[in-house]
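Visitor: Could you walk me through this one, starting with the backbone and then going on to the spaces inside?

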Amino acid sequence: MSAKHTHICDVLVIGAGLAAERSAIECAQAGLNVIILSLVPPRRSHSTAAQGGMQASLGNCAMGLGDNPQIHFEDTVKGSDWGCDQEVAKMFCETVPIMIRQLDYWGVPWNRVVAGKKKLPDGREIEDLKEKEGLITARDFGGVAKWRCCYTSDGTGHTVQFVVDTVVCKLGIPVHDRMEAIALIHDGETCYGAVARCLRTGDLNVYLAKSTIIATGGAGRIYAASTNAVINEGTGLAIALDTGVVPLGNMEAIQFHPTGMPPTFILMTEGARGDGGYLLDKNLHRFMPDYEPKKKELASRDVVSRRMIQHIRAGYGVSSKYAPQHLWLDIRHLGRKWVWTNLREIANIAMNFNGLDPAKDLIPVIPTQHYTMGGVRTNKDGYAYGLKGLFAIGEAACWDLHGFNRLGGNSLAETVTAGFLVGMQVAKYTLGATQKFDYKLVEDFVKKEEERIKNLISGKYGKENVFEIKSAMQQVMMDHVHIFRTGPSLEQGVAKLQELYRRSLKIGLRSSGKGANPELAAAIRMPGMLRVALCVAYGALMRTESRGSHFREDYPKRDDANWLKRTLAYWKEGADLPTLDYEPVACPYMPPGDRGYGEATAGAKGSK
Amino acid sequence: MGRQLTLSIFRYNPNIPGDQPRMQDYKLEEHEGMTLFVALNKIREEQDPSLMFDFVCRAAICGSCAMMINGRPRLACKTMTRTLPSRFTVMPLPVFKLIGDLSVDTGTWFRNLQIRTEAWIHTNKKFDPNELEVRMDNKVAEAIYEPERCIECGCCVAACVTANIREDFLGATGINRVARFMLDPRDERSDAEYFEVVGNEDGAFGCVGIMACADICPMEIPLQQNLAYVRRKMAKAGLKLDLKGFKVS
């Protein structure tokens with residue numbers, strides 16, 4: 001074989017964030033031989049950047065008393081705008097409290113209930129009970145009926161990832177970091193592993209496995225302004241799509257977080273609003289109660305993001321050195337001690353990147369791309385559609401917990417819960433599977449990648465510049481596939497992306513491409529990123545309704561009669577557009593209804 | 001018009017036979033609020049696509065972009081160019097193995113550290129999914145979170161005299177990691193067991209007290225205090241073991 005190294009294992013996990021590591025633990029504990037591949041060391045994964053917390057209905061804190069999985073389930077379905085898989089949501093809500101307690105057992109220093117009377121920033125008085133003291137507490141988040149977001153200050157992702165990684169170390173699961181999967185090996189029916197490029201040396205490696213799990217996170221970097229880490233380029237989605245038989249589900253469902261901080265668009269956690277922060281306009285007027293009298297700043301993220309842009313369009317945006325148009329986040333009234341203890345990470349970010357002290361200054365904010373609800377479409381057990389032996393979890397998957405809008409705190413909770421639940425299914429499948437490889441097939445996949453790399457280096461495909469194409473794609477997504485969408489604009493966007501896609505097939509390197517060359521890494525990814533971007537844009541163009549984060553100004557109503565269905569996007573070889581198919585979304589437990597917040601409830605212009 | 005910046009950047013690709021380590025100058029115009037993250041990306045995209053460096057979160061959360069910036073180990077993502085002179089040097093972190101240019105292998109180093117310090121909760125209790133969590137005082141939880149905030153960027157290791165001359169030294173980050181588990185009531189290891197992990201020259205007693213680690217920690221973790229805490233515990237444990245005539249391996 002021409003690849004430098006071949007590794008054989010039972011389970012190959014692509015990605016080393018929380019979903020990846022949690023599933024690896026489950027498989028390793030079942031006695032399977034697991035290898036984790038990752039672009040970066042696990043503790044650098046984007047999971048560590050999650051600040052706010054994990055939703056679990058423990059019901060320990062005063063404002064969470066009486067909470068249970070059923071209420072969590074109802075919040076999740078409403079949040080998804082009835083786009084989610086209700087069976088998945090039910091299973092998730094019932095399992096997540098156990099996950100939180102297991103993480104506690106493994107060492108996460110969750111914040112705890114401190115008994116006594118407290119006054120909330122809005123004047124309400126609450127009392128935490130003596131009998132609950134020392135149990136895991138929770139904070140408020142958007143779109144929920146109870147406080148159930150368990151947290152460790154605002155470094156929840158960090159503490160959870162670090163603790164889960166300790167278990168991976170303890171179990172001795174090998175992590176091959178700086179190793180990027182660039183193609184899945186398959187015969188159209190079964191997945192046999194992946195071809196990967198070593199980001200230390202540039203060498204190709206082959207990984208052969210009975211089961212392959214894609215857990216590579218989101219694809220936020222197809223947008224110019226995103227809260228995502230710079231490694232979130234959707235390559236896991238791209239290699240699944242490239243098989244031609246595995247569809248991506250609901251890619252048009254892109255979440256915009258209300259509070260990205262310009263000019264860097266680093267995230268200011270929703271915990272800031274959960275803890276009592278407000279949004280202000282250029283007149284320092286708190287405008288959210290005008291639009292959403294009940295939920296105010298804590299309606300779901302899609303709703304708050306739209307209200308903010310709507311308010312800016314009405315002429316109330318701030319123009320400052322941070323951005324031409326933005327609004328303010330005000331947490332000054334929470335007090336210096338609270339800000340610099342429970343919101344310390346964002347206080348540090350505001351200080352480091354804009355020189356602001358949130359205990360006395362306003363923070364500029366603007367809705368920013370944040371989360372990919374869509375992903376590799378799987379069934380409720382995590383099996384990818386289209387190929388045996390392929391699974392997907394976390395943000396890379398459309399397991400479909402989130403439908404068209406994810407509630408804050410449900411993603412971090414999903415990573416470990418899906419890692420556990422799907423990990424068990426993977427273990428079950430793998431223990432019953434036999435390992436057999438067609439070496440000719442493997443060799444062909446390796447040769448194809450070698451050929452591609454050789455041609456990129458020699459300039460055989462053409463002389464297009466990868467960085468120019470990438471930046472043009474990111475701008476098209478900002479201009480045409482953003483929070484508010486219209487048919488004509490999406491049509492233009494799709495056409496521009498198609499043109500860029502054709503150019504991306506003619507990329508040639510300017511550097512030598514030798515060793516861990518970063519230009520080569522970008523060039524290998526580029527066509528795949530554009531295919532993913534086209535799935536988002538084309539899916540959005542074809543979905544003629546508004547649901548959750550997908551908002552069509554020319555079709556502003558949710559249309560359950562025609563669109564209670566999930567988009568499946570396939571990529572056929574040689575195509576320059578995805579092929580779309582649809583499957584029905586069942587609502588076995590909760591029929592579609594009113595969310596209790598948002599445009600349908602409050603009226604399109606708000607109650608002002 | 002902003003200042004004209006000159007970045008003198010270390011270049012060396014060990015995967016190209018015959019390539020020689022050298023410093024190479026790059027010029028670019030500074031703009032308001034420019035960070036080294038922005039500057040290095042601009043250089044790569046517009047001037048030299050082969051330049052190797054690492055960023056992940058670009059928000060000072062993940063620890064991947066530590067490098068020597070004008071002689072000091074810092075996170076490039078939160079280093080504003082306006083805090084630097086118009087000409088400055090950028091070099092890779094020492095101690096860690098070089099991957100190329102500004103990129104170093106922190107993954108292998110830190111994984112090895114976790115395994116050597118057995119940095120996971122040691123307990124004989126079994127997890128029972130039907131039981132409530134064990135109660136903990138919120139103050140204890142917050143105290144554990146303090147050392148837990150380490151992002152493993154490697155700045156303290158790069159700045160450490162001992163780590164620069166002794167390959168096996170755990171460095172401030174390793175001792176901080178041990179302090180985190182010592183503080184945690186869920187970890188049932190005794191002081192004697194910890195002594196085996198860090199009560200030696202490669203651990204808590206290898207530090208020569210220059211304290212550069214505490215000066216440069218981008219997370220402002222009180223590394224000095226945490227070292228003192230671990231040393232006190234280890235000194236006591238060592239004394240006890242000695243008195244009992246116990247031989248420490």
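**Backbone, records and spaces**

Guide: A:Leu284 is partly exposed, its relative accessible area being 49%, where buried means under 20%, exposed over 50% and partly exposed in between, with a 1.4 Å probe and protein chains only. This is a predicted model, in which local features need pLDDT of at least 70 and side-chain atom pairs count only at pLDDT 80 or more, while totals for chains, interfaces and linings use all residues. Residues are numbered from 1 along each chain as its sequence is written, chains are lettered from A and ligands numbered from 1 in the order in which they are written, and side-chain values use heavy atoms, with hydrogens and water left out.

Visitor: What is the phi of A:Leu284, and where is the residue found?

Guide: Its phi is positive, about 60 degrees, although A:Leu284 is not a glycine, and the residue sits in the chain A loop between strand S14 (278–280) and helix H7 (288–291). Helices (H or I, at least four residues) and strands (E, at least two) are DSSP runs numbered from the N terminus. For background, most residues other than glycine have a negative phi, and most peptide bonds are trans.

Visitor: Ok, and what phi does B:Glu118 have?

Guide: B:Glu118, also not a glycine, has a positive phi of about 45 degrees; it lies in the loop between helix H2 (106–116) and H3 of chain B, and with 33% relative accessibility it counts as partly exposed.

Visitor: Is the peptide bond from A:Pro262 to A:Pro263 cis or trans?

Guide: That bond is cis, with omega near 5 degrees, and A:Pro263 belongs to the loop that runs between strand S12 (254–261) and strand S13 (266–267) of chain A.

Visitor: Switching to the records, which residue does UniProt list for "active site"?

Guide: The unreviewed UniProt entry lists A:Arg301 for that feature; such positions are given in the numbering used here, feature names are shortened, and annotations may be inferred rather than shown by experiment. A:Arg301 is in helix H8 (residues 301–316) of chain A.

Visitor: Buried or exposed, that A:Arg301?

Guide: A:Arg301 is buried, at a relative accessible area of 5%. Leaving aside neighbours within four places in sequence, its contacts (heavy atoms within 4.5 Å) include A:Glu270, A:His257, A:His370 and A:Arg406.

Visitor: Which domain does UniProt place on chain A?

Guide: The unreviewed entry places "domain: FAD-dependent oxidoreductase 2 FAD-binding" at residues 10–412 of chain A, a stretch that is 28% helix and 22% strand, with its end C-alpha atoms 26 Å apart.

Visitor: Now the spaces: what volume does the second largest pocket have?

Guide: About 1400 Å³. On a 1 Å grid over the protein atoms alone, a pocket is an open set of points with protein on both sides within 12 Å along at least five of seven lines, a cavity is a set where a 1.4 Å probe fits but cannot get out, and lining residues have an atom within 4 Å of a point. Grid points are joined across faces, edges and corners, and a volume is the space filled by probe spheres set on the points.

Visitor: Which residues lie nearest its centre?

Guide: Of the 50 lining residues, A:Leu120, A:Pro121, A:Trp147, A:Asp275 and A:Trp338 lie nearest the centre of the second largest pocket, and H9(A) gives the most to its lining, with 4 residues.

Visitor: And how many cavities are there of 30 Å³ or more?

Guide: The search of the whole structure finds 8, and the second largest cavity holds about 190 Å³ of space. It is lined by 18 residues, with B:Cys160, B:Ala172, B:Cys207, B:Met211 and B:Cys213 closest to its centre. By class, that lining has 14 nonpolar, 4 polar and no charged residues, where Ala, Val, Leu, Ile, Met, Phe, Trp, Tyr, Cys and Pro count as nonpolar, Asp, Glu, Lys and Arg as charged, and the others, Gly among them, as polar.
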